[in-house]
Amino acid sequence: MKVYLQATELTRRVGDKTLFSNINLGIGEGQRVGLVAQNGTGKTTLLNILAGKDAPDDGSIVLRSGIRMGYLCQSPEFPADMSVIDACFWHARQDRDDTEEALDLEVRSKQILGKLKIGDTSCKMGVLSGGQVKRVALANILIQNPDLLILDEPTNHLDLEMIEWLEGYLGRQCITLLMVTHDRYFLDRVCNVIVELDNQTLYTYRGNYAYYLEKRQERIDNARAEIARANNLYRTELEWMRSTPQARSHKARYREEAFYDLEKKAKQHIEEDKMRLQVNSTYIGSKIFEAEYVCKSFPAREGKEELVILKDFYYNFSRYEKMGIVGNNGTGKSTFLKLLLGQVQPDNGRFVIGETVKFGYFSQEPMQVDENMKVIDAVRRVAEYVDLGGGKHLSAMQFLQHFMFTPLQQQNYIYKLSGGERRRLQLCTVLMQNPNFLILDEPTNDMDIVTLQILEQYLQDFKGCVIIVSHDRYFMDKVVDHLLVFKGGGEVKDFPGNYTQYRESQKLLQKSAEATNAKSSSASTLTDNASNAKPRLTEKKRRLTFKERKEFEQLELDIENLEIEKSDIETALSSGTISVDEITAMSKRLPLLNEELDEKSMRWLELSEYN
């Protein structure tokens, strides 16, 4: 295997903090490498160094002769007066004056831009949103067709359809790749090597993300066992050090030197899995909110058609619902949240909010805060402590530690934080308000995987209501129990299941439609070959039979009852108040309940097409 890039003994410090020390990384032809690490540990810095945009303090990087590299940074920039199509060719190696190559390149660029939902190629870069600029930059990199592709958070600002396209594109192409992404499904399906940056050191796992999780746990377990053995021996050697005279023989001095190495190993610390944080949200009544036939649209402008967000939308939100909102960019997901929060007014209809509802809103926009303020002060400004229930409290400092801000980091000034650390701090300021209804708009953007795991556990245990807009499929599958699917043009569908179940249902419907079309085509051919004297019958739309309609109505009741039972079991299991026998019975019932829910939901979806 040809080695495209070799980094040797790299060290980088920022101020008095060492990000990584004497690390080595080789990327060979055909390898698709995913880099994972906590926010603030140097992922982006390492990518910048490998791409030649920054320099290490020590070490060297060798790029194989003749290898072309393409780098997508987190926040790409283009001249404001440059058109989209020119931006796509900005770093391309082909000569635009070569008519044949230029034509081929332009066709390819428009195909990729189309997949990334950038339609107007004459538009100036200065008028695009940050997300659109990132998509143009991604197109620019892909069009170059480099030998080595380095991508920093490529799925940020992509909707689910675009993410699945990019996933397929990178999986099919013979591409050598290094990327940072928080999208765990993306890592699992695209990468064949996972590299973890942890405690200033790189660990390499030759497999996908699922393989990495398994082997990482083995590494941690082995390290803990080694530390435990070292601690046992350390106690013996410590007694010897204390009892032995200072004047020692050469052999004793050798043992003394070995003691200090042993002491260093014994004092190593492997962070234990954090206890699940179960915060007691403020009381929430049975009335949550009701959307009463809400309409919202934005008028046509600059040659664009009218944008319809909601059309006579009705929904009665239930207590303890955990809803996910999905849909393509521009279909109105964030606008829906702002309508609910009263930040945007509907054209018609209204949202009626329950009196006990206390919203906590995590928006896409960065929080407005004095950057010269310390981390701990930014949180204390919101609250000094958070209520855990049962008379227990968690201080602002303890709460921040749960979200991986060490006591030392809490004394840092905000301007020193990385982009991901700022998002994590923003999340803490929202959760410290102790809301009973969380509204999270793209919470996974710029978050590291460890933070996402903590947030997933928090939301699973949260005793309140949740609405999440996210393109992170793994995150949605872990947290939500049903979806609102924004299809555009004011059409919104309620789907009883998580994102993976929704995608599977869409595939089944597509297969069914293809089979129906094939059957119709075959029937049409037979009809055309038949006698022209026979009149062609008009095919009637399939409708539910009386028996199917009764089944459909019963399914709706069954699904609702099963969801209630599931919620009750999950609440009971996390309460800590039930007996061992009850826990055993409920643990056996829960997987059967999920299977029954999946089966009935799929049947409901099948019948709903003819309702």
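**A guided reading of a predicted model**

Leu-440 counts as buried because its relative accessibility is 0%; buried means under 20% relative accessible area, exposed over 50%, and partly exposed in between, with a 1.4 Å probe and protein chains only. This is a predicted model, in which local features need pLDDT of at least 70 and side-chain atom pairs count only at pLDDT 80 or more, while totals for chains, interfaces and linings use all residues. Residues are numbered from 1 along each chain as its sequence is written, and side-chain values use heavy atoms, with hydrogens and water left out.

The place of Leu-440 is in strand E17 (residues 437–441). Here helices (H or I, at least four residues) and strands (E, at least two) are DSSP runs, numbered from the N terminus. Not counting residues up to four places away in sequence, Leu-440 touches Phe-362, Leu-459, Ile-467, Ile-468 and Val-469, where contact means heavy atoms within 4.5 Å. Leu-440 and Gln-364 are 76 residues apart in sequence, and their C-alpha atoms are 8.5 Å apart in space.

Leaving aside residues within four places in sequence, Ile-468 is in contact with Met-323, Gly-324, Ile-325, Leu-440, Pro-443, Leu-459, Phe-475, Met-476, Val-479 and Val-480. In soluble globular proteins, nonpolar side chains tend to be buried together. A nonpolar core is a set of buried Ala, Val, Leu, Ile, Met, Phe, Trp, Tyr and Cys residues joined through side-chain atoms within 4.5 Å. The largest nonpolar core has 57 residues, and those with the most contacts inside it are Phe-399, Leu-400, Leu-425, Leu-438, Leu-459, Ile-468 and Leu-483. Helix H18 (residues 580–608) supplies the largest share of this core, six residues. Another core, of 46 residues, lies apart from it, with Ile-85, Leu-142, Tyr-169 and Val-190 among its members.

Leu-483 also has a bridge partner, Phe-495 in E20. Strand E19 (residues 482–488) and strand E20 (residues 491–495) pair in the antiparallel sense over five bridges; two strands pair if DSSP finds at least two bridges between them. E19 and E20 form a hairpin with two residues between them, and Gly-489 in the turn has a positive phi of about 65 degrees.

Sheets come next. Three strands form an open sheet in the order E2-E1-E4, with antiparallel pairing. Strand E2 (17–28) and strand E4 (58–63) stand at the edges, each with a single partner strand, so one side of each has no neighbour in the sheet. From one strand to the next, the twist averages 10 degrees; axes are lines fitted to C-alpha atoms, for helices over the stretch in contact, and angles run from 0 to 180 degrees between N-to-C directions. Strand E1 (residues 3–14) is joined to E4 by five bridges, and Thr-11 stands opposite Asp-58 in E4. Helix H1 (residues 43–50) lies across E1, E2 and E4, running at about 130 degrees to E1.

Another open sheet has six strands in the order E5-E6-E7-E3-E8-E9, with mixed pairing. Its edge strands, E5 (69–72) and E9 (201–205), each pair on one side only, and the twist averages 15 degrees from one strand to the next. Strand E8 (residues 193–198) and E9 pair in the antiparallel sense over five bridges, with Leu-197 opposite Leu-202 in E9. Helix H4 (residues 130–144) packs on this sheet, touching E5 and strand E6 (148–152), and its direction makes about 170 degrees with that of E5.

The aromatic rings remain. A search of the whole structure finds 21 aromatic pairs. Rings of Phe, Tyr and Trp (its six-membered ring) pair if their centres lie within 6.5 Å; planes under 30 degrees apart count as stacked, over 60 as edge-to-face and the rest as tilted. The ring centres of Tyr-209 and Tyr-212 are 5.5 Å apart and the planes stand at 40 degrees, so this pair is tilted. Both residues lie in helix H7 (residues 209–243), three residues apart, about one turn of the helix. By contrast, Tyr-458 and Phe-462 have ring centres 6.1 Å apart and planes at 20 degrees, so this pair is stacked. Tyr-458 and Phe-462 are both buried.
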